[in-house]
Amino acid sequence: MTIDNRPNRISRREVLKWFATAAAASQLGSTGLLGQESGALPQGYGSDPKVAGIYKPGDFWPLTLDRGQHRLVTFLADLILPEDEYGPAASALRVPDFIDEWVSAPYPRQQSDRKKVLPGLALMNELSQKQHGKDFAELSARQGTTLFDDIVGKGSSSPKLKKANDFLGDFTSLCMGAYYGTPAGWKAIGYVGNTPMASFDGPPQAVLDLVGVVQTVK
Amino acid sequence: MPTISIDQAKAEYDVIIVGSGAGGGQMAYTLTLAGLKCCMLEAGRSYDPGSETPMFNRPDQAPLGGGSTPDKDMGFWDATVDGGWEVPDEPYTQGSTDKNEQFTWWRARMMGGRTNHWGRISLRNGPYDFKPYSYDGLGFDWPISYDDVAPYYDKVEMLIGVHGTNEGMENTPDSPPGVLLPPPKARIGDLLTQKAGKKVGVPVVSIHRAVLTKRLDADTIPAKLHPGNKWAQDIVAKSMRARAACFWATPCGRGCSIKATYQSTTVHLPPALETGNLDIIADAHVREVMIGANGKATGVLFIDKTTGREERVKGKAVVLAASSGETVRILLNSKSNQFPDGIANGSGKVGKYIMDTVAMGLKGQIPALENLPAHNEDGTGGAHVYSPWWAYEAQRKGKLNFARGYHIEVPNTRRMPGGNSPVPMNYLRGLHGTKLKEEARRYYGSFVSLASRGEMIPNEHCYAEIDPVVKDKWGVPVVRWHWKWTDNELNMVMHAQKTFAEMIEAMGGTVTSKLATSGYDLIRPGGNVKHEVGGARMGDNPADSVCNHRSQTWDVKNLFLCDASSFTSNPDKNPTLTIMALSWRCADYIIEESAKGNI
């Protein structure tokens with residue numbers, strides 16, 4: 001279930017206006033134009049944000065995924081990174097909000113990703129409709145997984161499936177960046193740190209033995 | 001960091017210092033502790049590492065996981081304010097549209113400048129590095145030797161705190177006993193790299209970085225730094241006691257709120273301010289050095305960015321420590337009847353012979369590092385080991401197709417994940433669910449990235465000049481850069497690639513990318529390592545250098561250059577430690593001359 005309780009929502013009309021303007025500016029290759037028409041565009045966090053602050057998606061620029069897109073993102077993210085013995089599901093770690101923040105960001109890399117992610121989401125629905133007669137987020141977990149595997153397995157057989165396969169790769173990468181940037185994600189992948197210690201003793205003996213090296217710094 | 005407005009400035013200072021980074025910070029520290037009244041001008045805003053540093057902030061607490069954007073080129077938490085590859089309202093231009101002839105210029109607009117985010121790598125130039133022309137007939141000799149600078153390296157290392165080991169290697173100077181702090185333990189990737197290095201003849205040893213692996217000895221060091229000056233000793237001791245030892249967390253590039261690493265804002269400026277002899281004016285964009293009828297500098301003219309007004313501050317001497325490019329800009333823009341081509345430019349060498357560090361990197365995937373038990377490798381928040389250049393003998397025998405050397409930096413393999421996928425996606429393609437998590441855990445920490453940092457030979461095609469047309473927001477003419485690599489640098493990075501591939505193979509690993517066949521495909525663009533040096537080199541002949549061995553300009557006796565603009569060569573050793581050592585040395589000369597009434 002998707003609860004649309006995210007902060008800093010804006011209207012779909014406003015979103016379309018922003019990105020149409022941004023696309024026009026991008027085609028002209030002029031960052032100056034972005035500045036001139038900035039009345040309609042979201043802003044970044046600037047060159048002097050308060051970096052020590054604690055932030056959440058939506059704090060710097062409005063989130064732009066609509067309810068249906070957010071629901072699809074949540075379903076797909078949880079299919080990619082489900083709850084299991086390694087850790088919680090992606091949605092429990094706010095991965096969908098991260099992706100919403102990402103595709104809503106006013107920076108070139110993110111705007112480029114937006115142009116891949118939004119059509120990719122639509123394509124997932126199209127493929128799901130064709131196979132099951134309903135949107136992707138309406139599928140059972142098993143159906144979703146099977147479709148995912150079909151796309152990966154047949155990814156080179158048609159331009160459409162290749163596009164879907166590329167999208168799943170890009171989307172998985174975004175999910176990984178979000179999921180593994182959390183304490184639960186750290187535990188899942190085996191990162192230990194970000195905590196003050198009285199001393200740094202180097203790798204444990206068990207790790208040294210596994211790799212076949214000895215500590216040389218005395 | 002307390003600042004004053006121009007209205008509060010004294011009518012005249014002993015010394016005006018332009019820039020608050022490594023060179024300016026060291027100058028202010030040394031002069032004010034000797035009793036000289038100084039005014040420092042910083043082009044950016046004030047900055048407080050104590051309250052502004054994002055210690056422990058996680059990717060899920062920052063926009064886009066803390067990743068880089070055009071607003072923050074090195075990521076959200078990077079300790080760079082109002083800067084990066086572009087500075088708002090302060091453009092620079094290129095002399096060529098050829099991508100191989102472009103220069104990338106990193107600037108910061110904040111108290112402490114680039115010392116807030118720097119890599120903390122603190123390597124001494126060796127004896128060959130000060131006499132490179134004598135060594136191999138290329139470039140130019142400095143007018144000083146290692147022995148001239150060594151006592152200042154000692155003092156700077158004791159003041160800022162540098163960890164490392166003495167290895168007795170060629171052209172890689174040892175520090176005197178007791179000066180270096182203990183090295184941090186090697187990480188697992190370090191040890192495997194070291195083992196592989198032995199197989200291919202590349203030594204891997206503890207790196208020198210300005211991080212306190214234990215607290216500085218505030219009871220004994222101040223007396224060594226300031227003999228006979230109890231007042232200075234007490235101030236420095238108090239400042240040292242305010243610094244904590246590293247607690248082995250948080251990357252240094254974010255800055256350090258506990259003052260465990262060197263930043264001008266945590267080490268140089270606090271004691272300088274404590275003397276009561278330092279005034280700092282922030283948001284002061286210096287346009288030119290003012291000159292008197294007697295040919296001496298009288299102060300500087302700057303734009304107060306908070307009001308947009310031109311202001312002037314006077315001093316008996318002027319020190320430029322604004323960074324090489326900015327110092328060149330100020331010198332060339334300081335035109336007068338006496339100096340129609342810019343101040344201190346009688347030789348015509350201002351702006352000439354700019355250098356950067358020669359850099360490339362190669363990544364390998366190492367099966368021996370897969371699926372290791374989870375363990376903490378944060379360490380000092382930067383590299384723990386490196387390879388000093390090792391092939392002097394092979395070079396002397398003519399076995400290499402390039403001159404000079406490079407060192408190898410070995411980063412942590414188990415850094416904090418988040419923002420981007422912690423494992424390259426080509427290792428995870430098509431996976432999902434528990435299998436994806438298992439493979440992520442398998443591969444995390446199994447990638448070794450080796451980075452080369454090498455010496456560039458100065459050449460006449462690399463220079464900075466004033467753009468004849470473009471001005472910044474305040475009407476100040478901007479810098480136009482010219483750049484060209486030579487075969488020496490291109491051959492060097494190809495050698496590094498071959499060496500790194502051998503090391504990765506010796507680890508049982510596989511290079512993750514296709515090997516380049518041209519140096520241009522490997523080498524990072526000019527300026528990209530942020531080590532731009534030169535542009536106002538020191539020498540022993542006024543006809544072909546801008547300043548003398550004391551960093552004093554030949555043409556204007558009370559004008560000194562104390563950033564890396566005075567560098568005659570750019571050894572593979574990172575420049576910051578040498579900037580500080582030369583600045584301290586210059587400061588001692590200013591103090592002597594001031595006492596004699598010559599300044």
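Colleague: What makes S9(B) and S13(B) paired strands, and how many bridges join them?

Modeller: Strands pair if DSSP finds at least two bridges between them, and eight bridges join S9(B) to S13(B), which run antiparallel, so the pair meets that definition. Strands here are DSSP runs of E of at least two residues, and helices are runs of H or I of at least four, numbered from the N terminus. This is a predicted model, in which local features need pLDDT of at least 70 and side-chain atom pairs count only at pLDDT 80 or more, while totals for chains, interfaces and linings use all residues. Residues are numbered from 1 along each chain as its sequence is written, and chains are lettered from A and ligands numbered from 1 in the order in which they are written.

Colleague: Why are S4 and S16 of chain B said to stand at the edges?

Modeller: Six strands form an open antiparallel sheet in the order S4-S11-S12-S13-S9-S16 (chain B). Strand S4 (205-206) and S16 each have a single partner strand, so one side of each is left without a neighbour in the sheet.

Colleague: What is the span of helix H13 (residues 487-506) of chain B, and what is expected?

Modeller: The expected span is 1.5 Å times one less than the number of residues; H13(B), with 20 residues, reaches 28 Å from its first C-alpha to its last, close to the expected 28 Å.
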